[in-house]
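Hi,

Here is the structure I promised to pass on.

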Amino acid sequence: MTAEADLRHMDHALALARRGLGNVWPNPAVGCVIVRGGRVVGRGWTQPGGRPHAERVALDQAGAAARGATTYVTLEPCAHHGRTPPCAQGLIDAGIARVVSALTDPDPRVAGQGHAMLRQAGVVVAEGLRGDGAAALQRGFLTRVTQGRPMVTLKLATSFDGRIATRDGESRWITGSEARRHVHLLRLTHDAVMVGAGTARADRPALNVRGFGSVRQPVRVVIASGAVPPLQAEDAHHGPLWVLPGPLPEALAELGRRGLTRVFCEGGGLLAAGLLAAGLVDELVGYTAGLALGGDGRAAVGPLHLAALAHAPRFVLAETWTMGGDLFHRWVRR
């Protein structure tokens with residue numbers, strides 16, 4: 001297999017892995033491609049709820065054609081017995097000759113043991129191909145394993161001058177329909193949607209995914225120290241509702257213990273400020289509209305009480321493009 005072919009097949013596996021985002025917690029979203037004689041004979045991604053794993057799906061599709069083939073997988077195959085046998089052993093039993101993986105799994109139950117198991121069985125193992133891309137895709141899972149909390153994406157839809165509503169609270173709609181649909185797409189790729197108690201009381205938001213057919217709805221998380229108004233009960237169109245107390249590091253640690261890997265925060269300003277001040281925001285996504293609401297409009301982020309500019313949370317621009325009449329931009333924490 002040429003280096004160019006290896007890259008092409010790993011890119012295919014990464015594209016498959018993205019299909020699992022928001023749908024497989026507490027497991028990672030993994031993609032797998034099995035190639036023999038230059039032809040793809042099996043492919044798969046982690047299925048809803050985290051089972052079966054990507055490797056198992058691809059092996060079942062490949063059948064006998066897996067013998068002597070090369071497997072491309074975006075995360076080290078698991079080495080531990082859970083609800084199913086280890087994927088590393090499944091690859092060995094199928095007669096896979098070579099495994100190319102993008103990333104070592106930091107889970108202590110794996111942590112290199114999957115690669116070691118494969119090598120001990122005589123399988124050729126190559127590690128690190130497209131590692132940066134795999135790490136970015138797996139940021140939620142990696143954050144939960146290494147930091148004990150889910151990855152947090154903070155979303156802000158604002159006017160050009162950084163306001164989310166007029167002085168009297170009017171906010172529908174600052175951004176256009178394309179931006180609003182994209183928000184639902186991002187909700188779909190996260191395990192949970194989170195708001196503060198003030199937003200829950202003032203807006204009674206649905207916090208669900210609409211416009212994408214029948215999908216697994218994200219968990220609805222409300223951070224509240226006091227009473228929260230009754231929101232829509234869990235049903236086919238609304239995910240579970242979890243209400244957690246106000247201390248943010250503790251709340252996110254609890255979400256990590258419950259298995260969440262990716263949380264999409266949509267407000268309000270005080271919650272956004274609290275997350276930023278505590279260094280708990282991993283990515284910012286912004287939708288900026290071409291209108292100004294002025295200094296008496298409501299700010300997107302509450303007070304941060306910064307003593308100096310050097311203390312401000314800094315993010316690096318990852319991507320930006322126009323979306324209808326608005327500007328979309330995504331930033332990653334340094």
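Below is what turned up, starting with the aromatic rings.

Keep in mind that this is a predicted model. There are three aromatic pairs in it. In one of them, the ring centres of Tyr287 and Phe328 are 5.2 Å apart and the planes are at 50 degrees, so this pair counts as tilted. Tyr287 belongs to strand S12 (residues 283–288) and Phe328 to strand S15 (residues 326–333), so the pair ties together parts that are 41 residues apart in sequence. Both Tyr287 and Phe328 are buried.

Phe328 also pairs with Trp321: here the centres are 4.6 Å apart and the planes at 45 degrees, so this pair is tilted as well. How exposed are these two partners? Trp321 is partly exposed, at 35% relative accessibility, while Phe328 is buried, with a relative accessible area of 2%. Put together, Tyr287, Trp321 and Phe328 make up one aromatic cluster.

Two arginines are worth a look too. Arg180 has its charged end over the ring of Trp173, 4.3 Å from the ring's centre. Over the face of Trp242 you will find Arg258, at 4.8 Å from the ring centre.

Lastly, there is Thr70, which is part of strand S3 (residues 70–73). Is Thr70 buried or exposed? Its relative accessibility is 9%, and the cut-off for buried is under 20%, so Thr70 counts as buried. If you leave aside neighbours within four places in sequence, Thr70 is in contact with Met1, Val33, Ile34, Val35, Arg98 and Val100.

Cheers

Methods
Residues numbered from 1 in each chain as written. Predicted model: local features only at pLDDT ≥ 70, side-chain atom pairs only at ≥ 80, totals over all residues. Heavy atoms only, no water. Helix = DSSP H or I, 4+ residues; strand = E, 2+ residues; numbered from the N terminus. Buried < 20%, exposed > 50% of the residue type's maximum accessible area, 1.4 Å probe, protein only. Contact = heavy atoms within 4.5 Å. Phe/Tyr/Trp six-rings, centres within 6.5 Å; stacked < 30°, edge-to-face > 60°. Lys NZ or Arg CZ within 6 Å of the ring centre and 35° of its normal.
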